[in-house]
Amino acid sequence: MEIRKKIVKIVKEISGAKKVSLDPLLKKDLAIDSLGMVNIILSIEEELGIELDEADLDPSLLNKVSDIIELVKKYTEEEE
C-alpha cells in the first residue's frame, strides 16, 4: 500500500491533478507528456531509492498509474 500512495502522490504533484486514481490514462486524462514521465520516473527512483532499468521504461507499456505501480513492485520487496 505504501508504494501505491507514494506513486499517486508523485503523479498528483507532476500532473497538477487534485485527485488521481489507478485507472486514468497518463497522457490523455492527466496530460502527462514525455517530460512529465521522465520527472515521474526520476521522482520514484529518488523517493524509493531504486533504479529502474531502461528496458522496463517503454512508454507504450506505461499508460496508467497502475502500470507504473506494477513496474515499481518488480523492484521492491513490497507485495500487495
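# Reading a predicted model

Me: Leucine 48 has a relative accessible area of 21%. How exposed does that make leucine 48?

Reply: Leucine 48 is partly exposed. The cut-off decides: buried means under 20%, and exposed means over 50%. This is a predicted model, so its values are computed from predicted coordinates.

Me: Where does leucine 48 lie, and which residues does leucine 48 touch?

Reply: Leucine 48 lies in helix 2. Setting aside residues up to four places away in sequence, leucine 48 touches Lys6 and Val72. Now look at leucine 61. Leucine 48 and leucine 61 are 13 residues apart in sequence, and their C-alpha atoms are 21 Å apart in space.

Me: How many helices and strands does the protein chain have?

Reply: There are 3 helices and 0 strands. Read from the N terminus, the order is α-α-α. The radius of gyration is 11 Å, close to the 12 Å that the globule rule gives for 80 residues, so the chain is as compact as a globular protein of that length. Its C-alpha atoms fill a box of roughly 30 × 25 × 20 Å along the principal axes.

Me: What share of the contacts joins residues at least 24 apart?

Reply: Start with contacts between residues at least 6 apart in sequence. Of these, 60% join residues at least 24 apart.

Me: What should I look for inside?

Reply: First, the general idea. In soluble globular proteins, nonpolar side chains tend to be buried together. Now this chain. Buried residues make up 32% of the 80 residues. The largest nonpolar core has 21 residues. Those with the most contacts inside this core are Ile7, Val11, Leu26, Ile40, Ile44, Val65 and Ile68. Helix 1 (2–15), helix 2 (34–48) and helix 3 (65–74) each give two or more residues to this core.

Me: Which residues does valine 11 touch?

Reply: Leave out residues up to four places away in sequence. Valine 11 then touches Gly16, Val20, Leu26, Leu30, Ile32, Ile40 and Val65.

Me: Which residues of helix 3 are buried, and what covers them?

Reply: Val65, Ile68, Ile69, Leu71, Val72 and Lys73 are buried there. Their cover includes helix 1 and helix 2.

Me: Is threonine 76 buried or exposed?

Reply: Threonine 76 counts as buried, because its relative accessibility is 19%. Threonine 76 sits in the segment after helix 3. Beyond its neighbours within four places in sequence, threonine 76 is in contact with Ile3 and Ile50.

Me: And lysine 27: buried or exposed?

Reply: Lysine 27 counts as exposed, at 55% relative accessibility. Its place is the loop between helix 1 and helix 2. Lysine 27 and leucine 62 are 35 residues apart in sequence, yet 9.8 Å apart in space, C-alpha to C-alpha.

Me: How do I read a backbone angle such as phi?

Reply: Most residues other than glycine have a negative phi. Alanine 31 has a positive phi of about 55 degrees, although alanine 31 is not a glycine. Alanine 31 is in the loop between helix 1 and helix 2. At 64% relative accessibility, alanine 31 counts as exposed.

Me: What about the surface and the charges?

Reply: The chain exposes about 5,300 Å², and carbon and sulfur atoms supply 49% of that area. Then count charges. There are 12 positive and 19 negative side chains. The centres of the two sets lie 10 Å apart.

Notes:
Residues are numbered from 1 along each chain as its sequence is written. This is a predicted model: local features need pLDDT of at least 70, side-chain atom pairs count only at pLDDT 80 or more; totals for chains, interfaces and linings use all residues. Side-chain values use heavy atoms; hydrogens and water are left out. Helices (H or I, at least four residues) and strands (E, at least two) are DSSP runs, numbered from the N terminus. The radius of gyration is taken over C-alpha atoms; the globule rule is 2.2 Å times the number of residues to the power 0.38. Buried means under 20% relative accessible area, exposed over 50%, partly exposed in between (1.4 Å probe, protein chains only). Contact means heavy atoms within 4.5 Å. Accessible areas come from the Shrake-Rupley method with a 1.4 Å probe; for residues, only the protein chains shown count as cover. Lys and Arg count as positive and Asp and Glu as negative; His and the chain ends are not counted. The place of a charge is taken as NZ of Lys, CZ of Arg, CG of Asp or CD of Glu. A nonpolar core is a set of buried Ala, Val, Leu, Ile, Met, Phe, Trp, Tyr and Cys residues joined through side-chain atoms within 4.5 Å.
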